[in-house]
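Colleague: Could you walk me through this model? I'd like to look at a few residues together.

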Amino acid sequence: MKHTRDSRRPDEAAKEKNAVNGANQTQSTAPQSWKEYIDQTMPVQKREAEVKQDAAPRREAKRKADAEPKADAQPGRESRPKLDVSEAKAQAKEAWGRFAQWAGEAGKNARTAAGTGWEKFSSLTAGGRGKLGKGAARIRNVVAKHPVSPLLYATVLAVGIGVMAFKGTYARAYVLEVNGQAVGMVSGEDEANAILDNVESRAASILGDGYSYEAEVSLAPVYAPANALSDAAEVEDTLFSEVGAYMTAYGISVDGVEIGCAADQNELYRMLDEIAQPFIPANAVRYEFVEDVEVYPVEVPSNTQFDVESIRAELSSLKVERAVYTVKQGDTFNAIAYSLDMDPNDLSVLNPDVIVNQLWVDQELVIQQEVPRLSVRVLTSETYEEVIPSPVEYIETADLYVGETKIQQQGEDGLARINAQVTYVNNVELDREILQSETIKDATTTYTYTGTTPRPVTASNGYFIWPVRGTITSNFGGRNLWGSYDFHLGLDIAVPYGTGIKAADGGTVIKAGWSGSYGNLVAIRHDNGIVTYYGHNSSLLVSVGDKVYQGQIIARAGSTGNSSGNHCHFEVRVNNTSVNPRNYLS
């Protein structure tokens, strides 16, 4: 689940436990006979039936449930249904009713049959003679004089037969009541004690050996069918769930890896908001974490000690992840490294197959950077003004070389009001979508000349190469020379006698000859107006007015003029002022 600022976290009430307890509080103490027990418990049977629920194992039910926390439930506890025994009671009462009805009908039938038989016997023997008649008369006299009707004997006999049949069908059982609430029907005290011992053992294995199960337990004797006895494991699970050995907490995971858990899910949500806050600007529409962050209910021992600060420390930490840099026009290897606060050698180690002086546009270089453990993606709504660049219209001219341009008429930039939807990750812009653009000021056209004349080889390229390669014996700036202070106007590059001196760029020779302390000097004016000097030469190979190209050998190194040895004095002048040549050499 992606955690977002506007994600909902509803609470629900756990009323099930209160409903069950309320129903059972109306029960009186256990009666002494089955019929009395039935008569006294019948008023609560209906309410018990209304709250009866599935008694599936607690862990499996919770693991599958996609439920939110319950606001008015006891913190960390989940209500569970009590094991219902009302069905067994109803079966036994129904059996008792059938027995009573049967006994009444049996007595009535017995009395009817006895009466009918007696009447037939009397009518048949009323006029009899002889021994049979005399015997019948004596029987009638005995019956007439007897204080108890023979019909009673028939009734007693029928009831006795019914009692024997009832006892053959129903057996003695006991309703197990814990803290005044019926939780099941057991066969006897031994089974009840075994159940309670197992409950205590299971709870102690979770909460510690010091745990003791203390509850008010009673057994109410009843008669019940053999199949009405409760499953001992089911009764045990019901009592164990009420112990509170487990509680509902809330875990938090990042990309499927659990970081920890807390007693309150709202505490975790507040923590996530606080971690994301530094990356959420005032104009944020919404935010989410780049990683898959999930908060979910878990069951833990009720005596668990939560360490929320360790979760905060983990989620607020930094991590190093692989990232790449895409080479752009004008980039150099060293410049890229320095822009990323890296040493060029470290960048080279990360890119062993890259040739540092042969980069190309859109090439990817591997870099490393620290990022937060949780990266925050923010969507913002931004309104701002943006410059509309002046459109350029080109006019061809033979007065300029190919590739050269010159502005003929400068236009003006325009202005627009932009409304955009911008996506940032850790305050770095990732995407910008323009939703609306309104022009405030129109831009005007810039007219520019573009050259059509092919560029000669002697044309300037706009950058300088080294005239020679050698040791720098004197830099630009102040120095002590032959015991006195002197300001050196260029670079002295020591080379062997006769080494060829190259033109730093294409241009026109404006000096070629002896020039005081410079000795034999060559000076070249380049197309951009900059002039370069090459002094102390042993010989010159060009003349004033010659067009030279970049890299052309224009002289031979020597030690003419004020010189302490064979070298090339290289000087750069801008607007006739000497500047540091190092700032122009590539």
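This is a predicted model: local features need pLDDT of at least 70, side-chain atom pairs count only at pLDDT 80 or more; totals for chains, interfaces and linings use all residues.

Colleague: Does Tyr296 count as buried or exposed, and why?

Modeller: Residues are numbered from 1 along each chain as its sequence is written, and side-chain values use heavy atoms, with hydrogens and water left out. Buried means under 20% relative accessible area, exposed over 50% and partly exposed in between (1.4 Å probe, protein chains only). Because its relative accessibility is 17%, Tyr296 counts as buried.

Colleague: Which side chain makes a polar contact with the side chain of Tyr296?

Modeller: Leaving aside neighbours within four places in sequence, Tyr296 has contacts (heavy atoms within 4.5 Å) with residues including Tyr250, Ser253 and Glu258. A polar contact is a pair of N or O atoms within 3.5 Å; within protein, one must be able to donate a hydrogen and the other to accept it, and residues adjacent in sequence count only if both atoms are side-chain atoms. At 2.7 Å, the partner is the side chain of Glu258.

Colleague: How many Å apart in space are Tyr296 and Ser253, C-alpha to C-alpha?

Modeller: In sequence, 43 residues separate Tyr296 and Ser253. Their C-alpha to C-alpha distance in space is 8.6 Å.

Colleague: What does Phe487 count as, given its relative accessibility?

Modeller: Phe487 has a relative accessibility of 43%. For the chain of 586 residues, 38% count as buried. Phe487, because of its 43%, counts as partly exposed.
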